[in-house]
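Please examine the sequence and the structure shown below before reading on. The explanation that follows is meant to be read beside them.

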Amino acid sequence: MDKKETIEKLKNIVKPYIKNQEAFENITEKTDFIADLQINSANLVDVILDIEEEFDIIIDNQSMERMLDIKSAMEIIEIKLSEK
Amino acid sequence: MKKEDIISKLPYSKPFLFVDELLHVDENGVEGCYAFDENLDFYKGHFKGNPITPGVILTEVMAQIGVVCLGIYLLNDTFNKNTTIALTSNEIEFSKPVFPNEKVTVISEKIYFRFGKLKCKVEMKNEKGEVVCSGTIAGMIV
């Protein structure tokens, strides 16, 4: 899966939970879920669960804590997919 | 954990404790009840001369029984006096009024419990067995 495709999928996943439209429209690998997109911590759990469903992976507590921006999310998704 | 132990661990007291008894609890859900005393303070103002239980109070009853009690059961010994919990979202539909002295039963089914967040499908019934309100409520450890 290429990066562009993964970002596009992540964009669709975070869409219902974002509070900052401008940051959402300009999403990059550096975009932080909480600081930039202003997703609250409760909704971040739903983002993680939606990622699990979309990519058919299981995200453990340790990975969840690292998943703070698009870049780390992409890395974790890649690792989990390769472990399958 | 025993049902009585869950109630004693609840971080609420009068006039904001809205759980009388738990009827059943397991890792997938909980069922409990609460009776509305006619002397509860909010009936004096909601509404003037026409006491009806406010929707926010019904939501609170559903959250305390359906999410907090289940959460305490699921967390077991990890839940203590220093644990801070918060309501994070709810979406409730109200179908019937609840009057003073009515007793309601709350039935809650776990949707998920992940990363400290508990989300449940919750329903409240009156003594006739009619659904008075239903929806989803989520809370988490903060």
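The model is predicted. In chain B, the secondary structure consists of two helices and six strands. Followed along the sequence, these elements occur in the pattern α-β-β-α-β-β-β-β. The C-alpha trace of chain B extends over about 45 × 25 × 25 Å along its principal axes. Of the 142 residues in chain B, 30% are buried. Among contacts in chain B with a separation of 6 or more, 66% are made by residues 24 or more positions apart.

The strands of chain B can now be placed in their sheet. They form an open sheet of six strands, with antiparallel pairing and the order β1-β2-β4-β5-β6-β3. From one strand to the next, the twist averages 20°.

In general, strands of a sheet pair through backbone hydrogen bonds, in either a parallel or an antiparallel manner. Strand β1 (residues 21-26) of chain B runs antiparallel to strand β2 (residues 29-35) of chain B, and five bridges join them. Within this pairing, His24(B) has Glu31(B) in β2(B) as its bridge partner. The two strands β1(B) and β2(B) form a hairpin, with two residues between them.

On the next step, β2(B) pairs with strand β4 (residues 103-114) of chain B, again in the antiparallel sense, over seven bridges. Here Gly32(B) has Val106(B) in β4(B) as its bridge partner. Strand β4(B) is in turn joined by nine bridges to strand β5 (residues 117-125) of chain B, and these two strands run antiparallel. In that pairing, the bridge partner of Ser108(B) is Val122(B) in β5(B). Helix α2 (residues 55-75) of chain B packs on the sheet, where α2 touches β1, β2, β3, β4, β5 and β6 of chain B. The direction of this helix makes about 130° with that of β5(B).

Chain A also supplies a helix to this arrangement. Helix α3 (residues 41-55) of chain A lies across β3, β4, β5 and β6 (131-141) of chain B, running at about 55° to β4(B). Between the chains, six residues of chain A are in contact with eight residues of chain B. On the side of chain A that touches chain B, the elements giving two or more residues are α3 and α4 of chain A. The largest share of that side, four residues, comes from α3(A). By class, the side of chain A that touches chain B has five nonpolar residues, one polar residue and no charged residues.

Within chain A, one loop residue may be considered in detail. Leu68(A) lies in the loop between α4 (61-66) and α5 (70-83) of chain A. Is Leu68(A) buried, exposed or partly exposed? Leu68(A) has 14 C-beta neighbours inside 10 Å and therefore counts as partly exposed. Apart from neighbours within four places in sequence, Leu68(A) is in contact with Asp32(A), Phe33(A) and Ile34(A). In sequence, Leu68(A) and Phe33(A) are 35 residues apart, while in space the distance from C-alpha to C-alpha is 5.8 Å.

Definitions and conventions. Residues are numbered from 1 along each chain as its sequence is written. Chains are lettered from A and ligands numbered from 1 in the order in which they are written. This is a predicted model: local features need pLDDT of at least 70, side-chain atom pairs count only at pLDDT 80 or more; totals for chains, interfaces and linings use all residues. Two strands pair if DSSP finds at least two bridges between them. A residue is buried if 20 or more other C-beta atoms lie within 10 Å of its own, exposed if 12 or fewer, and partly exposed in between; C-beta atoms are placed from the backbone. Two residues are in contact if their C-beta atoms, placed from the backbone, lie within 7 Å. Axes are lines fitted to C-alpha atoms, for helices over the stretch in contact, and angles run from 0 to 180 degrees between N-to-C directions. Ala, Val, Leu, Ile, Met, Phe, Trp, Tyr, Cys and Pro count as nonpolar, Asp, Glu, Lys and Arg as charged, and the others, Gly among them, as polar.
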